[in-house]
Amino acid sequence: MPISPSEDELTTAIVELKKENPDLGISKIHNLLITKYPDWTVSEKRTRKILQGQGLVATASGNTPNVLLYPSSRLVPGLDIQKWTPKVEVKWFDKRKGKGLVATHEIKEGEVIWKEDPFITSPEWGILDLQMKSVACAFCTTPLTGSPLILSCAGSNMASPCTARFCNRLCFTRSAKLHPLLCPTKNPASIPLIQFVRESRWMAFYALVLCTSRLLLESQSEDKSFNDNWEMIHALAELGMEERHKYSYNLSGQYEPDRETWRHAYELFIQAFKEPSSTADAKKLAKIFRKPHPNNFQADIFDYNTGFLRGLGRMSLNIEAHGGIYTLHSHLNHSCDPNVSIRHLDQTTALSRITVIAKRDIKVGEELLITYVDPQLPYQTRQNELKGWGFGRCTCSRCLEEVKTVKEEDSEKEMTNLASELKAGLGVM
């Protein structure tokens with residue numbers, strides 16, 4: 001028998017459908033809903049009510065609703081935090097805030113909480129240039145010296161050289177999970193893609209390229225790590241590029257989306273990983289992909305709206321300030337007065353390794369927080385940057401105090417202006 005879903009179940013389902021299809025109206029969202037959930041009985045009127053209540057439909061004047069569509073996230077099934085640290089645990093807060101990290105032990109100011117290597121490294125451009133010039137490890141970013149342990153890409157040859165070099169055999173071996181699809185010798189279809197990455201200096205796009213390369217290569221093996229990493233990537237906080245610009249970015253008074261650049265990047269992305277432009281390049285790609293990818297996996301990666309643009313949004317939200325996607329780091333939420341900082345201390349071993357350090361004492365049960373924006377910026381500028389990604393208004397203790405100060409100053413100005421007006425009206429000198 002058809003069932004009537006609870007209000008929470010229905011709201012979650014409708015919000016997700018609207019996020020995936022931001023341009024569809026009420027009737028089409030309703031049709032998608034009953035197609036996706038055939039056991040549910042839901043009227044279009046109920047769908048309309050929830051869309052309106054969530055601010056996800058246009059107003060009568062046709063304007064974009066004045067609402068922030070916040071990012072979504074999920075818990076990572078079976079995540080083993082102990083391999084990083086016993087000092088924290090994952091906590092689910094609510095649908096809007098999502099997940100975060102809280103302390104399980106007393107943590108002292110200056111204490112190292114954990115160190116973490118990236119899932120993928122999308123480095124700052126100076127480091128990427130060093131990698132391209134063969135003077136930094138193509139896997140871990142460590143500067144290369146005259147060590148006899150250094151290895152070059154096995155596929156490189158005189159006719160089609162690859163600049164990738166690795167600081168030791170461990171990095172050389174690990175690079176097999178990532179490098180072949182980006183190697184100009186093994187996959188020449190990737191050459192225009194990498195050239196665009198260097199020219200555009202688009203860190204989030206490069207992160208998506210690297211994540212896609214890793215997942216595609218892992219899907220070719222029987223290794224359990226593919227499913228684990230697939231779950232990890234899809235548990236990251238996400239807000240698609242179209243949803244960001246329609247519901248958040250524009251509302252913060254910032255620029256319009258650059259859809260032409262998105263589309264060009266997507267074409268290069270497809271050419272490198274799915275449909276090379278020449279028969280010779282297609283044959284080389286086929287040597288890497290010896291078995292087909294699952295259909296749902298292909299759609300989640302290669303569909304322009306639900307795969308590519310949502311993937312770009314996911315990378316933009318989760319990339320570390322100096323580049324890279326980190327599994328545990330991605331759980332940290334924002335505060336303009338953070339209690340932990342992220343540092344790159346292992347300069348001679350791996351520039352991409354982060355160290356998470358307590359900025360002050362942290363009590364058991366207290367959430368660990370970093371800042372997503374430059375904390376030196378003025379209050380309203382910080383709020384606008386956060387609003388641009390759907391995070392809403394920051395209500396940390398610092399922001400609340402600044403709001404109070406601003407209100408008090410505004411009140412004093414009003415009183416001063418009122419007194420001046422009264423004096424002027426009464427002719428008081």
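These legends walk through a few close-up views of a predicted model. Local features here need pLDDT of at least 70 and side-chain atom pairs count only at pLDDT 80 or more, while totals for chains, interfaces and linings use all residues. Residues are numbered from 1 along each chain as its sequence is written, and side-chain values use heavy atoms, with hydrogens and water left out.

**View 1. A three-stranded open sheet.**
The strands run in the order β3-β8-β7, with antiparallel pairing. (Strands are DSSP E runs of at least two residues, and helices are H or I runs of at least four, both numbered from the N terminus; two strands pair if DSSP finds at least two bridges between them.) At the edges sit β3 (112–116) and β7 (340–343), each with a single partner strand, so one side of each has no neighbour in the sheet. From one strand to the next, the twist averages 20 degrees, with axes being lines fitted to C-alpha atoms and angles running from 0 to 180 degrees between N-to-C directions.

**View 2. Zooming in on β3 and β8.**
β3 pairs with β8 (residues 354–358) in the antiparallel sense, over four bridges. Look for glutamate 116: its bridge partner in β8 is isoleucine 354.

**View 3. An edge-to-face phenylalanine pair.**
The whole structure holds 15 aromatic pairs. (Rings of Phe, Tyr and Trp, the last by its six-membered ring, pair if their centres lie within 6.5 Å; planes under 30 degrees apart count as stacked, over 60 as edge-to-face and the rest as tilted.) Here, phenylalanine 205 and phenylalanine 308 have ring centres 6.1 Å apart and planes at 75 degrees, so they count as edge-to-face. Phenylalanine 205 belongs to helix α7 (residues 203–218) and phenylalanine 308 to helix α13 (residues 304–318), so the pair ties together parts 103 residues apart in sequence.

**View 4**
With centres 6.2 Å apart and planes at 25 degrees, the rings of phenylalanine 226 and tryptophan 230 are stacked. The two are four residues apart in helix α8 (residues 225–235), so about one helical turn separates them. Phenylalanine 226 is buried at 13% relative accessibility, and tryptophan 230 is buried at 16%.

**View 5. An aromatic cluster and charges over rings.**
One aromatic cluster includes Phe196, Trp202, Tyr266 and Tyr304. The charged end of arginine 263 sits over the ring of tyrosine 304, 3.7 Å from its centre. (That calls for NZ of Lys or CZ of Arg within 6 Å of the ring centre and within 35 degrees of the ring normal.) Likewise, lysine 97 has its charged end over the ring of phenylalanine 93, 4.1 Å from the ring centre.

How values were computed:
Buried < 20%, exposed > 50% of the residue type's maximum accessible area, 1.4 Å probe, protein only.
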